[in-house]
2 protein chains.
Amino acid sequence: MEKIRLIPLGGLGEVGKNMMVIEYGEDIIIVDAGLMFPDDEMFGVDLVIPDTTYLQDKKQRIRAILITHGHEDHIGGLPYVLPALDFPPVYATRLTQGLIQVKLKEHKLQDRAIVKMVAPGDKVKLGKCTAEFFHVNHSIPDAVGIVIHTPVGTVVHTGDYKFDHTPVDGQPADFGTLARIGTEGVLVLLGDSTRVESPGYTPSERVVSDSLDKIFANAPGRILIATFASLISRVQQVVDTAVRYGRQVALVGRSMVSNVQMAIDLGYLNIPKHTLIRAEDINKLPPERIVIICTGSQGEPTSALTRIANQDHRLVRIQPGDTVILSATPVPGNEKMVNRTINNLFRQGAEVFYQGVSPVHVSGHAAQEELKLMLSMIRPKFFVPIHGEYRQLMLHAKLAASLGIPADHIVIAEDGDVIEVTKNAIHAVGHVSCGNVYVDGLGVGDVGQIVLRDRQVLAQDGILMAVLTVDKETGRPLAGPDIISRGFVYMRDAEELLASARERVLESFIGLNGHASDWSFVKDKIKHTLSEFLYEKTHRRPMVLPVVMEV
Amino acid sequence: MEKIRLIPLGGLGEVGKNMMVIEYGEDIIIVDAGLMFPDDEMFGVDLVIPDTTYLQDKKQRIRAILITHGHEDHIGGLPYVLPALDFPPVYATRLTQGLIQVKLKEHKLQDRAIVKMVAPGDKVKLGKCTAEFFHVNHSIPDAVGIVIHTPVGTVVHTGDYKFDHTPVDGQPADFGTLARIGTEGVLVLLGDSTRVESPGYTPSERVVSDSLDKIFANAPGRILIATFASLISRVQQVVDTAVRYGRQVALVGRSMVSNVQMAIDLGYLNIPKHTLIRAEDINKLPPERIVIICTGSQGEPTSALTRIANQDHRLVRIQPGDTVILSATPVPGNEKMVNRTINNLFRQGAEVFYQGVSPVHVSGHAAQEELKLMLSMIRPKFFVPIHGEYRQLMLHAKLAASLGIPADHIVIAEDGDVIEVTKNAIHAVGHVSCGNVYVDGLGVGDVGQIVLRDRQVLAQDGILMAVLTVDKETGRPLAGPDIISRGFVYMRDAEELLASARERVLESFIGLNGHASDWSFVKDKIKHTLSEFLYEKTHRRPMVLPVVMEV
């Protein structure tokens with residue numbers, strides 16, 4: 001029986017690096033190619049991107065990569081995935097392709113990549129399938145969901161969405177199209193699960209405008225507002241409020257400047273003439289005439305707001321009367337960094353408004369009642385929750401079941417799982433190779449489990465090296481052992497311990513009978529003896545590394 | 001003019017390791033001696049305890065350490081602080097001293113420490129001061145606030161508190177005593193700021209009972225509930241609910257077992273006969289007759305619940321029909337670990353209830369309206385917010401100001417600040433040496449900034465060592481350089497890079513003219529050359545460690 005295969009390569013069982021492979025016959029269509037920021041345990045890793053091993057021998061079958069919107073977790077993998085897949089064509093809406101181009105230029109790929117522009121309502125023929133784009137609300141303009149018409153049936157991918165009746169970009173949810181799609185019949189819905197833990201409805205962006213208004217009305221001096229550089233609609237809200245209160249706006253932070261410029265060029269930001277000023281000129285105006293929009297809402301160490309909070313920024317110093325707004329929610333794992341930034345801003349004397357004490361941010365994702373609304377309008381035969389950790393996928397599945405979708409019509413899948421859908425049934429049928437690909441500096445994929453495990457051991461208790469030179473002929477130690485340690489104990493305070501360690505190393509040579517030996521055996525012995533000795537003395541387990549040189 | 005000095009050694013400007021020094025004349029009274037769990041950047045550190053350097057030359061003036069309640073952030077520093085301060089007497093309520101004794105026994109200090117039992121209402125003469133204890137509600141029974149009567153005036157330390165009209169231990173807030181204290185006149189109030197960001201009132205513990213009831217009523221199989229081992233009142237709630245639903249209770253997790261046993265012995269837990277069963281016997285009863293109370297509500301890697309979630313526990317495996325309740329809020333920084341545990345429990349097929357989807361936990365700290373209530377009842381002349389990061393202290397100060405306390409009657413202080421209070425004025429007058437003392441394995445205080453910074457560098461990009469043996473006479477390399485790397489690149493995949501690195505090291509010897517040289521200069525040169533080379537090739541910055549041995 002004819003079938004569709006769905007193979008998530010990212011974003012299912014995790015939050016980030018979204019990438020969904022949809023196969024019908026010889027045609028492969030990919031939705032999104034995002035990145036993920038590393039976990040705490042992924043020491044030193046800069047980015048995590050999807051593992052495209054599965055697609056390596058199927059490149060010629062890839063008809064397109066369709067992009068739902070311009071957030072990093074949907075487009076950030078493109079500079080790595082596109083070359084790996086021989087540059088299949090990318091389809092994206094206008095603002096999204098603008099953000100993609102900024103990114104491709106940074107990686108010097110703009111000449112090789114093919115990015116085609118689409119608009120909501122457009123249909124694109126891809127092999128025997130047709131993709132159709134529909135407008136959704138999200139925390140970035142020009143976000144779309146995607147309908148893929150296949151001979152087996154219709155697949156609907158919601159992208160990230162919420163329902164906003166009063167969005168900042170003036171384009172409310174397109175209920176007409178959603179209802180039409182549902183009425184035409186949908187085989188399988190792939191639905192965003194990010195905010196399934198929240199009951200009710202996600203508030204409209206309008207709520208933020210009201211909060212900003214209140215804060216602007218009472219701010220005695222400058223206003224600094226930090227948000228995501230891609231949150232173009234938030235920038236619009238701030239600009240609108242600034243204009244209303246007779247303030248001019250400066251942009252601080254590289255990605256904020258480049259994204260805003262691009263959004264202005266493409267007409268996605270409406271900024272009255274002379275409203276924008278250069279960051280260098282902020283001190284030429286009285287404080288009550290200034291708004292600074294900057295990066296750093298996540299407390300990222302090198303971002304503008306963090307530098308400002310640490311009195312470490314080239315242009316901006318907190319001064320009495322400043323008001324700072326963090327218009328974002330901390331991404332899980334960033335709470336401590338964000339709190340530290342807030343504490344430092346308060347210490348400098350700023351008034352600080354942030355999520356939790358003031359409604360200065362709303363989510364871009366659908367809460368439970370909106371998820372139900374989507375399910376009820378699309379009325380899919382089968383359902384696969386996407387975009388979320390396992391518990392979120394599970395809760396979304398339960399929510400769909402509560403609306404009457406039979407349990408065997410719902411599949412909870414994680415990255416690498418293969419789902420087969422026919423007209424009559426949906427099943428998880430297997431698993432393909434699929435893990436995390438780590439980007440560290442210039443290396444893509446070269447940092448693997450061994451390197452990471454070493455970093456974890458080094459981070460925990462440091463390293464202790466025992467270096468000695470031995471006679472090639474006799475096996476007798478000629479120099480050393482030198483004991484060198486980093487991150488284990490402060491060497492100057494631990495001379496006695498290290499002297500004892502040196503003795504233990506020498507003891508490992510006793511019984512070798514003065515002739516050249518199997519050095520790997522000796523090294524193992526040194527390692528074992530030292531590890532035990534150090535643990536006994538300190539209850540720490542540094543990495544122990546014996547180095548034996550023959551001369 | 002006569003004065004009181006207040007010197008926080010922990011808990012102000014941070015959450016944890018609470019310790020407040022109160023001085024009048026020759027008398028020093030300390031309130032609490034807690035620990036703090038390490039931040040993400042404190043690699044390898046097990047615990048953080050207060051720095052008592054300031055007290056080192058004042059030991060004979062210390063009249064007592066008064067303990068407000070038995071949580072780790074109030075008593076956990078005692079095993080380190082007591083020996084350092086020559087064992088001043090500790091005063092604590094009954095349950096609190098039970099928890100302290102458990103801790104002292106672990107550290108084999110029970111024979112040297114003096115722990116005296118007090119009850120709410122008791123007064124203790126301490127030099128020229130008198131301490132008086134009053135009952136407060138918190139998420140552990142037997143919590144107290146402390147009044148210290150000095151010749152200058154009265155200091156009130158709230159401890160951690162909330163107002164609960166229907167607490168589990170049946171002892172509601174003691175409004176009578178609070179009102180009396182306020183009426184008698186209070187010079188300075190030290191007030192818990194932990195939950196100042198939350199508007200309204202913190203719900204009563206009763207809310208949790210209602211949630212448990214609903215979950216128990218619908219659970220088809222076993223119920224596992226994880227909470228803090230010190231949350232004795234939560235254990236009582238679970239036991240009560242279990243009895244109501246005809247279930248027996250097993251305890252899993254070392255600290256849960258020892259704390260519960262101690263609480264039973266002291267009469268703080270009321271458990272009907274035959275309700276408790278051994279964890280080994282849980283499979284002898286039908287699932288719907290079982291409740292398991294375990295540790296691990298914070299997703300701690302070696303805790304019972306985490307092991308259960310990872311299918312790695314000696315006695316308990318998740319089975320179909322199991323219901324798991326996480327009755328705790330993730331401490332900031334633990335969100336990812338907690339989420340991972342929840343995901344794994346869902347993966348094993350359990351139904352999981354947790355904060356955010358179900359009201360299975362309430363805070364033990366006062367929200368804004370309760371903070372106002374405390375301020376209004378105590379009516380202090382001066383106010384110092386305690387227990388919180390800077391932003392929380394700041395918000396608590398603003399809240400106090402909103403109740404009419406003049407700005408110059410409020411001091412925001414952080415650890416180590418010295419506050420002087422006279423009958424007429426309060427001022428921050430200086431700062432004493434006060435930092436974090438790290439406990440790592442057996443070492444207390446030996447891990448400092450240098451060791452931690454090394455661990456951070458090692459964690460980020462690993463280490464690369466260049467080891468070579470040179471002729472003592474000629475300075476000519478005899479063996480090596482051997483290039484050894486851990487946590488930087490996977491050596492087997494990076495042979496070319498490491499071979500080039502080897503060449504660079506040898507190049508550093510060119511121009512040394514074949515005679516013995518200043519090795520520290522050569523090592524610096526190797527380090528510099530290699531670091532630049534490796535950054536250029538990889539954009540990573542491993543620790544580079546040249547080792548030169550002479551023979």
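Reply: Keep in mind that this model is predicted. Two packed helices are described by the angle between their axes and the distance between the axes. Here, helix H11 (residues 390-402) of chain A packs on H9(B) at an angle of about 50 degrees, with the axes 8 Å apart.

Me: Which word describes H11(A) relative to H9(B)?
Reply: Oblique, because of that angle.

Me: Which residues of H11(A) and H9(B) make the contact?
Reply: H11(A) brings Tyr390(A), Arg391(A), Met394(A), Leu395(A) and Lys398(A). H9(B) brings Asn339(B), Ile342(B), Asn343(B), Phe346(B) and Arg347(B). By class, the contact has five nonpolar, two polar and three charged residues.

Me: Now chain A's own H9. How far does helix H9 (residues 335-347) of chain A reach?
Reply: Its 13 residues reach 18 Å from first C-alpha to last, close to the 18 Å expected at 1.5 Å a residue. After H9(A) comes Gly349(A), with a positive phi near 100 degrees.

Me: What covers the buried residues of H9(A)?
Reply: Both chains contribute. From chain A, the cover includes helix H8 (304-309), strand S17 (323-326) and strand S18 (351-354). From chain B, it includes helices H9 (335-347) and H11 (390-402). Among the buried residues of H9(A) are Val338(A), Ile342(A), Leu345(A) and Phe346(A).

Notes: Residues are numbered from 1 along each chain as its sequence is written. Chains are lettered from A and ligands numbered from 1 in the order in which they are written. This is a predicted model: local features need pLDDT of at least 70, side-chain atom pairs count only at pLDDT 80 or more; totals for chains, interfaces and linings use all residues. Side-chain values use heavy atoms; hydrogens and water are left out. Helices (H or I, at least four residues) and strands (E, at least two) are DSSP runs, numbered from the N terminus. The expected span of a helix is 1.5 Å times one less than its number of residues. Buried means under 20% relative accessible area, exposed over 50%, partly exposed in between (1.4 Å probe, protein chains only). Contact means heavy atoms within 4.5 Å. Axes are lines fitted to C-alpha atoms, for helices over the stretch in contact, and angles run from 0 to 180 degrees between N-to-C directions. Angles under 35 degrees count as roughly parallel, over 145 as roughly antiparallel, 65 to 115 as roughly perpendicular and the rest as oblique. Ala, Val, Leu, Ile, Met, Phe, Trp, Tyr, Cys and Pro count as nonpolar, Asp, Glu, Lys and Arg as charged, and the others, Gly among them, as polar.
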